Amino acid sequence: MVEERFDFTPKAKKNLFILIAVGIVLTVLGIITVSMGGGHHELEGAAGEHAFHWTKRLYANLWIDNVFFAGIALIGVLFFAIQYAAQAGWSAGIKRIPLTYGYWIPFAGILMLVFFFLGQHDLFHWTHHDLYDPSSHEYDSIIAGKAGYFFFPLHGGGLPVFFLARMVIFFAVWYMLFLKLKSVAYSEDLDGGSEKWFKLRKLSAIFIIFFAVSSSMSAWDWVMSIDTHWFSTMFGWYNFASWWVAGLALTALIVVLLKDKGYLSVVNSNHIHDLGKFVFAFSVFWTYIWFSQFLLIYYANIPEETIYFVERWKNSHYALLFYLNLIVNFFFPFLVLMTRESKRHTRFIKVVAPVVILGHWLDFYLMVTPGTLKEHGGIGFMEIGLLMVFLGAFLYVVLNQLSKAPLFAKNHPMLNESLHHHI
Amino acid sequence: MSDKSNYIVGVFDDEDILLKGIKQVREGGVKIHEVYSPFPVHGIDDVLGYKRSNLSVVAFLFGLLGTTLALTMQIGMMTVDWPMIIGGKDYLPVPSFIPVTFELTVLLASFGMVGTFLIISNLKPWGKPKLFDKRITDDKHIMAIDLGKNKIEESAINKLLKDSGASEVNLKTL
């Protein structure tokens with residue numbers, strides 16, 4: 001087996017920098033348009049309404065993008081771990097690509113902390129001090145009852161110690177396990193044999209168990225707590241499903257693009273078929289989770305639960321995006337990737353994967369924006385620009401690290417099985 | 001049934017010999033009726049030159065039938081024939097109809113697919129499958145060649161089968 005190394009050309013780097021630069025320009029343009037519109041709202045504010053400030057929309061967008069890409073980074077490591085835990089042979093040639101997403105974890109962790117302190121009062125209603133003060137007319141007995149989940153061991157309204165501790169510990173453990181997985185995986189390539197493989201299986205199992213709990217709690221902390229009164233027992237799964245499909249689509253896309261560039265001689269149409277099946281099947285899975293959450297709330301019709309969908313579905317501001325979310329994340333991949341041939345041909349993957357990735361960004365947009373920006377939300381220059389900045393930065397980190405090691409482990413014990421993969 | 005045919009049945013001991021044998025027999029210009037094996041042999045459909053079956057298209061069509069049937073039934077009952085308000089929803093509460101629609105789609109797609117498969121594979125309850133050799137349920141692979149559909153002489157086919165690695169060659173009328 002010949003070693004293959006990804007060449008991160010200056011041209012590719014330049015393209016990513018252009019992407020980031022255009023993104024920044026669009027963001028600034030977005031800030032200008034929103035702040036001009038904000039002046040308009042201030043006139044209306046005479047009626048007693050709070051003036052809307054552009055920073056709020058900026059924080060909401062930073063939060064959406066960071067949560068989205070933090071999730072994708074984790075999904076990459078999870079995908080890698082699942083391959084070992086399931087003793088999968090077919091993926092031996094591709095699994096280093098999702099593994100490198102893990103290099104984004106420390107960036108995502110630092111950004112998450114920074115963005116939280118920047119935008120906490122704009123994003124999270126529960127951070128307001130008055131809610132926990134029984135003498136205040138803002139006192140909210142429901143949120144005060146949940147204070148322990150955010151502020152333990154302090155009293156409600158102070159520094160959310162428990163919330164921040166979860167964030168820091170999760171990112172620290174994820175990054176630690178990622179580094180461990182990565183170093184063993186790379187030494188496996190040098191030494192050969194199956195001893196490292198068994199070690200990776202054990203590490204993978206630990207990561208998967210930790211991820212199962214921590215990803216659910218992160219979804220409650222980072223996304224569900226925005227609508228503080230509202231709760232859904234499916235929310236952890238729902239966020240996981242969204243991240244997972246986006247991560248799989250990104251992996252399929254990168255594999256297909258590398259293959260087109262002449263890399264990955266170990267990948268044939270059978271492996272692409274499998275990745276296509278992953279995207280197809282988990283798009284259906286996402287829809288299943290999404291609909292299970294929706295149907296129970298719709299059918300039971302309890303006001304404290306339905307408010308979530310009143311804000312998104314029965315709100316003219318977001319209704320169109322609400323339907324679009326279902327179209328791009330379910331109907332489109334479902335119908336396009338249904339046949340065997342479409343999953344085996346890179347042409348179709350190159351169309352479906354980007355749509356699904358953007359679609360799941362939209363899914364997170366719909367989770368965060370209606371609760372934070374209400375009727376001031378929208379998709380404009382700022383949303384597109386910041387997504388481009390994050391995408392560019394994420395891809396830069398991933399591709400840069402991808403170029404530093406061989407694309408696949410030539411001494412992997414399963415590589416021979418992967419070469420003979422046939423479906 | 002009077003339309004019995006004569007078959008030459010080659011018995012193979014090993015799937016690797018079988019795969020090579022199929023290639024040789026086909027290269028010798030003999031049309032193979034069917035190959036039977038006690039377990040799935042990887043790559044055998046490529047060697048036999050079989051095209052992908054249209055079973056998935058059948059599944060899709062049955063699924064579509066299920067979707068249509070379910071929606072027609074529910075809308076007919078709950079919206080058209082006897083409009084009912086349940087839980088304060090509209091007369092046409094589409095989300096409430098989706099679980100039943102999904103179930104019927106899956107049910108008809110899978111039943112339709114299994115049924116079609118049983119019929120086209122001649123495994124239907126009233127069908128009499130051709131059993132060329134009992135040992136295909138144990139450890140032998142069988143290659144059946146329809147004499148009537150081949151213009152090559154019987155002895156030549158026999159020799160070709162032997163050369164291709166068949167451990168024995170029998171004549172069977174079924």
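Trainee: How many other C-beta atoms lie within 10 Å of Phe291(A)?
Mentor: There are 17, so Phe291(A) counts as partly exposed. The scale goes like this: 20 or more other C-beta atoms within 10 Å of a residue's own makes it buried, 12 or fewer makes it exposed, and in between is partly exposed, with C-beta atoms placed from the backbone.

Trainee: Before I go on, what should I know about the model and its numbering?
Mentor: This is a predicted model, where local features need pLDDT of at least 70 and side-chain atom pairs count only at pLDDT 80 or more, while totals for chains, interfaces and linings use all residues. Residues are numbered from 1 along each chain as its sequence is written, and chains are lettered from A and ligands numbered from 1 in the order in which they are written.

Trainee: OK, where is Phe291(A) placed?
Mentor: In helix H10 of chain A, residues 269-300. Helices (H or I, at least four residues) and strands (E, at least two) are DSSP runs, numbered from the N terminus. Phe291(A) and Leu58(A) sit 233 residues apart in sequence, with 30 Å between their C-alpha atoms.

Trainee: At what angle do H10(A) and H12(A) pack?
Mentor: About 145 degrees, with the axes 9 Å apart; H12(A) covers residues 319-336. Axes here are lines fitted to C-alpha atoms, for helices over the stretch in contact, and angles run from 0 to 180 degrees between N-to-C directions.

Trainee: Is that crossing left-handed or right-handed?
Mentor: H10(A) and H12(A) cross in the left-handed sense. That word applies if the near helix is turned anticlockwise from the far one by less than a right angle, and right-handed if clockwise.

Trainee: Which residues make the contact?
Mentor: From H10(A), Val279(A), Phe280(A), Ser283(A), Val284(A), Trp286(A) and Thr287(A); from H12(A), Asn329(A), Phe330(A), Pro333(A) and Phe334(A). Contact means the C-beta atoms, placed from the backbone, lie within 7 Å. Sorted by class, this contact has 7 nonpolar, 3 polar and no charged residues. Ala, Val, Leu, Ile, Met, Phe, Trp, Tyr, Cys and Pro count as nonpolar, Asp, Glu, Lys and Arg as charged, and the others, Gly among them, as polar.

Trainee: How many residues are in the largest nonpolar core?
Mentor: 120, and the members touching the most others are Val77(A), Val245(A), Ala249(A), Ala252(A), Val255(A) and Val279(A). The largest share, 20 residues, comes from helix H2 of chain A, residues 54-85. A nonpolar core is a set of buried Ala, Val, Leu, Ile, Met, Phe, Trp, Tyr and Cys residues joined through C-beta atoms within 7 Å. Another core lies apart from it and has 18 residues, including Ile8(B) and Met143(B).

Trainee: And what is Val245(A) in contact with?
Mentor: Leaving aside neighbours within four places in sequence, Val245(A) contacts Val279(A), Phe282(A), Ser283(A), Trp286(A), Val356(A) and His360(A).

Trainee: Switching to chain B, what domains is it divided into?
Mentor: Domain 1 is 6-38 + 139-173 and domain 2 is 55-120. Those bounds come from an automatic or database domain assignment. The centres of the two, taken over C-alpha atoms, are 47 Å apart.

Trainee: How do H3(B) and H4(B) pack?
Mentor: At about 145 degrees, with their axes 7 Å apart; H3(B) is residues 55-81 and H4(B) is 94-120. This crossing is right-handed. The contact of H3(B) with H4(B) takes in 16 nonpolar, 8 polar and no charged residues.

Trainee: Which residues does the cis peptide bond join?
Mentor: Phe152(A) and Pro153(A), with omega about 5 degrees. Pro153(A) is in the loop between helix H6 (147-151) and helix H7 (161-191) of chain A.

Trainee: What about phi of Lys374(A)?
Mentor: Phi there is near 50 degrees, a positive value in a residue other than glycine. Lys374(A) is in the loop between helix H14 (346-372) and helix H15 (381-402) of chain A. Asn122(B) also has a positive phi, near 60 degrees.

Trainee: Last one: is Asn122(B) buried or exposed?
Mentor: Exposed, because Asn122(B) has 10 C-beta neighbours inside 10 Å.

Note on methods. Contact = placed C-beta atoms within 7 Å.
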